Amino acid sequence: MVDFKMTKDGLVLYIKDYTDIVDVLQKIEDKVKAMGNFFAKGDKIMLLVEEHEKHISDIPKIVARVQELGLTISHVLMGSEGKNDVIIRKKVDMVNQGDTRSGTKLVKKNLRSGQSIIHSGDVILVGNLHAGAEIVAGGSVVIFGRCQGTVRAGINEGRESVIIALSFEAPFVQISDLKGTFTEKFNHPVVLHVKAGRIEVGKYDSKIGGIELG
């Protein structure tokens, strides 16, 4: 289920399709510890999970466990296991910047197409999320810039999570288990939140904070 594979691009933590994330997290820990002194703290590896889209809600948990074990994920791959090598269909560059003391990940840069932030807690991006870039967060997401890429929030913390952006023109977002597609562009601060079982867009009231529904 869990194995390390050496490819021409580097070492890949390969996770086959599975049913129990708890079992996967334990097997990752067992595998890393079994390799003894093979790794040095901070070593970079790549991550490939079979059926990536099916397990997207588990990716932050997997990334967090790998980081707890002293390793850094440089890229998230999408692909499958070939006869002699790993077949890579897509390679996403992980943006690794430090967390705040509260555990929130603060990233100060624009995210370009092909870049990704994956974090088990809240994410604050000071910059633009361009089309083709993605944020996957266990909690809420705040973007001090333009949101054109994909945002998946509330993976761990559920439907109470929100997405806030200074301007919003992304075609797709996800909050917890709910998914929403959008065609309208909002050139003012907005809050995406869950109401009555669907994702709605509300105007952000900068004076008092929160959602203005009127």
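A residue is taken as buried when its relative accessible area is under 20%. By this criterion, in the predicted model examined here, five of the five residues of strand β7 (residues 115-119) are buried, so the strand is largely enclosed by the rest of the structure. The burial extends to both faces of β7: Q115, I117 and H119 lie on one side, S116 and I118 on the other. Such a division is in keeping with the general rule that side chains in a regular strand alternate between the two faces of the sheet.

Strand β7 pairs with two strands described here. With strand β5 (residues 86-94) it runs parallel, joined by two bridges, and D93 stands opposite Q115 of β7. With strand β9 (residues 134-137) the pairing is also parallel and comprises four bridges; here H119 is placed opposite A137 of β9.

Residue D93 is also among the contacts of S74, a residue of strand β4 (residues 72-81). S74 has a relative accessibility of 15% and therefore counts as buried. Beyond its neighbours within four places in sequence, S74 contacts K44, I45, M46, V92, D93, M94 and N96.

Overall, the chain contains two helices and 17 strands. Its radius of gyration is 18 Å, close to the 17 Å given by the globule rule for 214 residues, so the chain is as compact as a globular protein of that length. The accessible surface amounts to about 10800 Å², 47% of which belongs to carbon and sulfur atoms. The mean positions of the 29 positive and 27 negative charges lie 4 Å apart.

Notes:
Residues are numbered from 1 along each chain as its sequence is written. This is a predicted model: local features need pLDDT of at least 70, side-chain atom pairs count only at pLDDT 80 or more; totals for chains, interfaces and linings use all residues. Side-chain values use heavy atoms; hydrogens and water are left out. Buried means under 20% relative accessible area, exposed over 50%, partly exposed in between (1.4 Å probe, protein chains only). Contact means heavy atoms within 4.5 Å. Two strands pair if DSSP finds at least two bridges between them. The radius of gyration is taken over C-alpha atoms; the globule rule is 2.2 Å times the number of residues to the power 0.38. Accessible areas come from the Shrake-Rupley method with a 1.4 Å probe; for residues, only the protein chains shown count as cover. Lys and Arg count as positive and Asp and Glu as negative; His and the chain ends are not counted. The place of a charge is taken as NZ of Lys, CZ of Arg, CG of Asp or CD of Glu.
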